[in-house]
Amino acid sequence: MIIVLSPAKTLDYESPLNGFDYTTPNFLGKSESLIKIMRSYEPEYISDLMGLSDNLAFLNFERYQTWKKQSKPSKDSRQAIFAFKGDVYQGLDAGNLSNSTINYSQNHLRILSGLYGLLKPLDLIAPYRLEMGTKLSFDNNKNLYEYWREKITNQLNLELSKDEPVLNLASNEYFSVIDKTIIPNTIVSPQFKDFKNGKLKIISFYAKKARGLMTRYLIDNNIKTISDIEGFNSSGYMFSQDETSNPLEPVFVR
């Protein structure tokens, strides 16, 4: 099974460096091309393009100017699984994963990225902000989806074994970059719902953390089959057969 996650806007480059190994992103050359484009933009344009405050736009303007290929972990370089710190990654809690689980995740977890395309957990990344949904038009590409779709989809197909399922725990914004029509493997997209005002609803904040919790469960337990996903039971979430109308979209409720 290959699990697919979104990245996070919140980053952590302050925590002490760990002693884990590190790898190089597959599409680093493509990332460099995007950085060259972003370096040509002034903070004001970045603010408008990405809907950022002036302070955040200037921060990311500086990040683009100083970005470089990373050769080892440092204050400006960290493995992706430790660099991202949003809601999903709070659920994953990578800092408390065992060495064996981290190594297992290297083969079974992939993180989509607007700048790096497709990341392995131990790939070194520099601080950045470039969401997949950014309306960045360049060369012959209308947006980042066009730039990345074929590259990411082909890479996933290369990494997938026959009959190995894909577990989609990414947001719609990110998973839309994958061309599902040319992936022959089964794709499963779990849904997480909470009761609110007497009704079951997907509540974004809770659903994001639940995706991280499920990722943690899957890699901790070396889950390989679709049926075993239903054993997920964390933070009050449990599989609901009654709420699941599509077996490829199993529903977990609390």
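**A helix pair and a strand in its sheet**

Author: Helix H1 passes helix H3 in a left-handed crossing (the near helix is turned anticlockwise from the far one by less than a right angle). The model is predicted: local features need pLDDT of at least 70 and side-chain atom pairs 80 or more, while totals for chains, interfaces and linings use all residues. Residues are numbered from 1 along each chain, and side-chain values use heavy atoms, without hydrogens or water.

H1 covers residues 28–39 and H3 residues 54–66 (helices are DSSP runs, H or I, of at least four residues, and strands, E, of at least two). Their axes come within 9 Å and cross at roughly 130° (lines fitted to C-alpha atoms, with angles from 0 to 180 degrees between N-to-C directions). From H1, the residues Ile 35, Met 38 and Arg 39 meet Tyr 64, Gln 65 and Thr 66 of H3 (heavy atoms within 4.5 Å). Sorted by class, this contact of H1 with H3 comprises 3 nonpolar, 2 polar and 1 charged residues.

We now turn to the sheet. Five strands form an open sheet in the order E4-E3-E1-E6-E7, and the pairing is mixed (two strands pair if DSSP finds at least two bridges). Its edge strands are E4 (117–119) and E7 (187–188), each of which pairs on one side only.

Strand E1, residues 2–5, is covered on both faces. Ile 2 and Val 4 are buried on one side, and Ile 3 and Leu 5 are buried on the other (under 20% relative accessible area). With E6 (residues 166–168), E1 pairs in the parallel sense over 3 bridges, and Ile 3 has Leu 167 as its bridge partner there. With E3 (residues 109–113), E1 also pairs in the parallel sense over 3 bridges. In E3, Leu 5 has Ile 111 as its bridge partner, and Val 4 stands opposite Arg 110.

Two helices complete the picture of this sheet. Helix H7 (residues 144–159) lies across E1, E3 and E4 and runs at about 35° to E4. Helix H9 (residues 204–220) packs on the sheet by touching E1, E3 and E6, and its direction makes about 160° with that of E1.

Methods: Ala, Val, Leu, Ile, Met, Phe, Trp, Tyr, Cys and Pro count as nonpolar, Asp, Glu, Lys and Arg as charged, and the others, Gly among them, as polar. Buried means under 20% relative accessible area, exposed over 50%, partly exposed in between (1.4 Å probe, protein chains only).
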